[in-house]
Amino acid sequence: DNMTGMGIRVSPHDGHVYSSGGFNQSIDFGNSHALSGNHDGYLAQFDTSGLCQWANRIYVTTQGCGCTVEGNTSGSGVVGFDSGGNLIVAGTFCGCGATFGSGITSANSGYNLFLAKYSPAGVCLWVQTKPGSFNPSTGQTYDIINAVTVDKQDNIYVSLANMATTTTFCGLNFPNAGSYLFKVNTNGVGLWNILTYSSSVG
């Protein structure tokens, strides 16, 4: 099975259907839109007739950087929409940097979380990344984005399980392990965060 996950969201603005997730080797969305890659993430848009309009790949730029067992992987999910119909996307990657399309890349290495915004045309507008905690011997990952929502002013609220201490995300500091709630504005700039539960890596 070349699929590693598929999520589906319908835009409340134009009725387009957005699919997201991960794939291995190749994936064909029809209507002359296909992608090839190695355990990569993807985003795709379909019109109301089921015809694919575009498909984008999210992938690790270079393999390695401690991700031998975990695998050089990327995955994505459409988690919401802003008032302009832009897609809010969350996901992970593990490797030496990542490429999100539209010339936007991240130089972060190892296991990382990301939060991104894409236009309805599939153009990546911005990406924010955060180093995550993982065990390179077993491939076990710990950090995860649990939930995301968007308010009427296009601010983004994120629930995060954080185990990689002394890291930053969207310009905010995450010094402790535990559960966080934080707010990001429409441009991906963090406004505040709250530690709601303190924990430790076993």
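Is Asp-40 buried or exposed? In this predicted model, Asp-40 has a relative accessible area of 3%. With the limit for a buried residue set at under 20%, Asp-40 therefore counts as buried.

The side chain of Asp-40 has a charged partner: it meets Arg-57 in a salt bridge, with a distance of 2.6 Å from N to O. Asp-40 belongs to strand β3 (residues 33-46) and Arg-57 to strand β4 (residues 52-62), so this contact ties together parts that are 17 residues apart in sequence. The two partners can be set side by side in terms of accessibility. Asp-40 is buried, whereas Arg-57, with a relative accessible area of 30%, is partly exposed.

How many salt bridges does the model contain? The count comes to three. As a general principle, side chains of opposite charge can pair when their charged atoms come close. Another of these pairs is formed by Lys-117 and Asp-82, whose closest N and O atoms are 3.0 Å apart. Lys-117 is located in strand β7 (residues 104-118), while Asp-82 sits in the loop between β5 (73-81) and β6 (87-101), so the pair ties together parts that are 35 residues apart in sequence. Both Lys-117 and Asp-82 are buried.

A further salt bridge joins Asp-143 to Lys-130, again with 3.0 Å between the closest N and O atoms. This pair links distant parts of the chain, 13 residues apart: Asp-143 is in the loop between β8 (124-131) and β9, and Lys-130 is in strand β8 itself. Asp-143 and Lys-130 are both buried.

Four strands form an open sheet in the order β9-β10-β13-β14, and their pairing is antiparallel. Strands β9 (144-150) and β14 stand at the edges with a single partner strand each, so one side of each is left without a neighbour in the sheet. On average, neighbouring strands of this sheet are turned by 15 degrees against each other, direction ignored. Within the sheet, strand β10 (residues 156-162) and β13 run antiparallel and are joined by seven bridges. Ala-161, for instance, has Ser-179 in β13 as its bridge partner.

Of the 202 residues, 49% count as buried. The C-alpha atoms fill a box of roughly 50 × 40 × 25 Å along the principal axes. Does the radius of gyration agree or disagree with that of a compact globule? For 202 residues, such a globule would have a radius of gyration near 17 Å, and the 16 Å of the protein agrees with this.

Definitions and conventions:
Residues numbered from 1 in each chain as written. Predicted model: local features only at pLDDT ≥ 70, side-chain atom pairs only at ≥ 80, totals over all residues. Heavy atoms only, no water. Pairing = 2+ DSSP bridges. Helix = DSSP H or I, 4+ residues; strand = E, 2+ residues; numbered from the N terminus. Axes fitted to C-alpha atoms, helices over the stretch in contact; angles between N-to-C directions. Salt bridge = Lys/Arg side-chain N within 4 Å of Asp/Glu carboxyl O. Buried < 20%, exposed > 50% of the residue type's maximum accessible area, 1.4 Å probe, protein only. Rg over C-alpha atoms; globule rule 2.2 N^0.38 Å.
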